[in-house]
Amino acid sequence: MKYVELNSGDQMPLLGLGTWQLRGEKCTKSVKEALDIGYNHIDTADGYDNHQAVGRGIKKANIDRKELFITSKIKPENLHYDDIKADAERFLDELEIEYLDLLLIHWPNKKIPLKESLKALKEVKAEGLAHNIGVSNFTINHLKDAIKIYPDLITVNQVEFHPSLYQKDLLDFCQENGIILTAYSPLARGEVFQNDIIKTLADKYEKSASKLALKWLIEKDVVAIPKASSREHLESNFDLFDWELPAEAKEKMDALNEDNRIIDPSWAEFDY
Ligand SMILES: NC(=O)c1ccc[n+]([C@@H]2O[C@H](COP(=O)([O-])OP(=O)(O)OC[C@H]3O[C@@H](n4cnc5c(N)ncnc54)[C@H](OP(=O)(O)O)[C@@H]3O)[C@@H](O)[C@H]2O)c1
C-alpha cells in the first residue's frame, strides 16, 4: 500500500474499497475479502445503508484497528448541528468501532448554514470520534467558503474523478490548499473499459483498463476507492504498487477529459 499524508499528519491509504450498492452478506464478504487481500481502507456512508454489514466484515478480518482507515459520510439532510453530533455517535455504534479516520459531509446543502455544520464537525473531531474531517462533492467555491470558516479543518474532498472527468482545476486548488482529493467512481462505473484510447493502451502495455485508470490516479496522489464485489476484481485492483505508469499512458489519459459527469443528482450544487 502507498499513502498520502493528511494535514493532521495521519497517513491515508491511496487505495480503498468503495461500498456503495454493497449491502448485507455480500457487503460483509467483500469487505472481509478486501482486508484479507491487503486493503486497509474502506469507504462507506450513512446513505449506503451498510454500516452494520461493513462493520461485520471488519470484525471478521480481525485486523488491528490502528492499521485500518475507515471513512463515512453524513447525509446532506442531516447537516444541522444536533444531527451531526448524534450521527457521529450512531455511525460508531453501527460500525462497531471507536472512531472514524475520516468523516465527510456527503453533499453540500445550501439550506443548512455550512458554519453550523463545520462547528459540529470540529467538535466531533475534538472529541476524538473522527480523527479527520472532510467533504464530498464540494466545488472550489464550496471549499473556499469552508476554508474561510475554519482554515485547517477540511482535509479531504471526495469527488467524481476519472480520465473522462479530469477535474484538473479542482485538483490543483485542493493540492494548493493542503486538501487531499479522493476519486469516487474511479473506473467511471465501468466506462473505462469502453474507452478506445485506454483499451489500446491496455493492449500495448498488458495492463487492464481498470489498472491503468487507478494507477493514473494514485500517481497524482489522488486517492482511489473503486467498488468491487468479486475476489477477482478486488485482487486485480490491488495490483498497483510494483509497476510504473508508462509516460505515454499518462500523457494520453491526461488528455481524455470530456466533462463526463456520471453522478449528477438534480439537487447537486455543481454549478456553485
Ligand atoms: N461521495 C459520493 O457522492 C460518492 C458517489 C459515488 C461513489 N462513491 C464511492 O466511490 C466508490 C466507487 O464508485 P462507484 O461504485 O460509483 O464506481 P466504480 O468504482 O468506478 O466502478 C464500480 C464498477 O466497476 C466494476 N469493477 C471493479 N473492479 C473491476 C475490475 N477489476 N474489472 C472489471 N470491473 C470492475 C464493479 O463490478 P463488481 O462489483 O462486479 O466487482 C462495479 O460494477 C463507491 O462504491 C462509493 O464508495 C462516492
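In this predicted model, an N or O atom in the side chain of histidine 233 is 2.6 Å from an oxygen atom of the ligand, a polar contact being a pair of N or O atoms within 3.5 Å. Serine 229 places a polar side-chain atom 2.6 Å from a ligand oxygen, and for aspartate 43 the corresponding distance is 2.7 Å. The protein buries 87% of the 920 Å² that the ligand exposes when taken alone (Shrake-Rupley method, 1.4 Å probe). Around the ligand are 28 residues, each with a heavy atom within 4 Å; Arg189 and Lys227 are among those that come nearest.

Elsewhere, helix α8 (residues 209–218) packs against helix α10 (residues 247–254) at about 85°, with the axes 11 Å apart. The axes are lines fitted to C-alpha atoms over the stretch in contact, and angles between N-to-C directions run from 0 to 180 degrees. Helices are DSSP runs (H or I) of at least four residues. Because 65 to 115 degrees counts as roughly perpendicular, α8 and α10 fall in that class. Leu212, Ala213 and Trp216 of α8 meet Lys250, Met253 and Asp254 of α10, with heavy atoms within 4.5 Å.

Local features need pLDDT of at least 70, side-chain atom pairs 80 or more, while totals for chains, interfaces and linings use all residues. Numbering starts from 1 along each chain as its sequence is written, and side-chain values use heavy atoms, leaving out hydrogens and water.

How values were computed:
Helices (H or I, at least four residues) and strands (E, at least two) are DSSP runs, numbered from the N terminus. Angles under 35 degrees count as roughly parallel, over 145 as roughly antiparallel, 65 to 115 as roughly perpendicular and the rest as oblique. A polar contact is a pair of N or O atoms within 3.5 Å; within protein, one must be able to donate a hydrogen and the other to accept it, and residues adjacent in sequence count only if both atoms are side-chain atoms.
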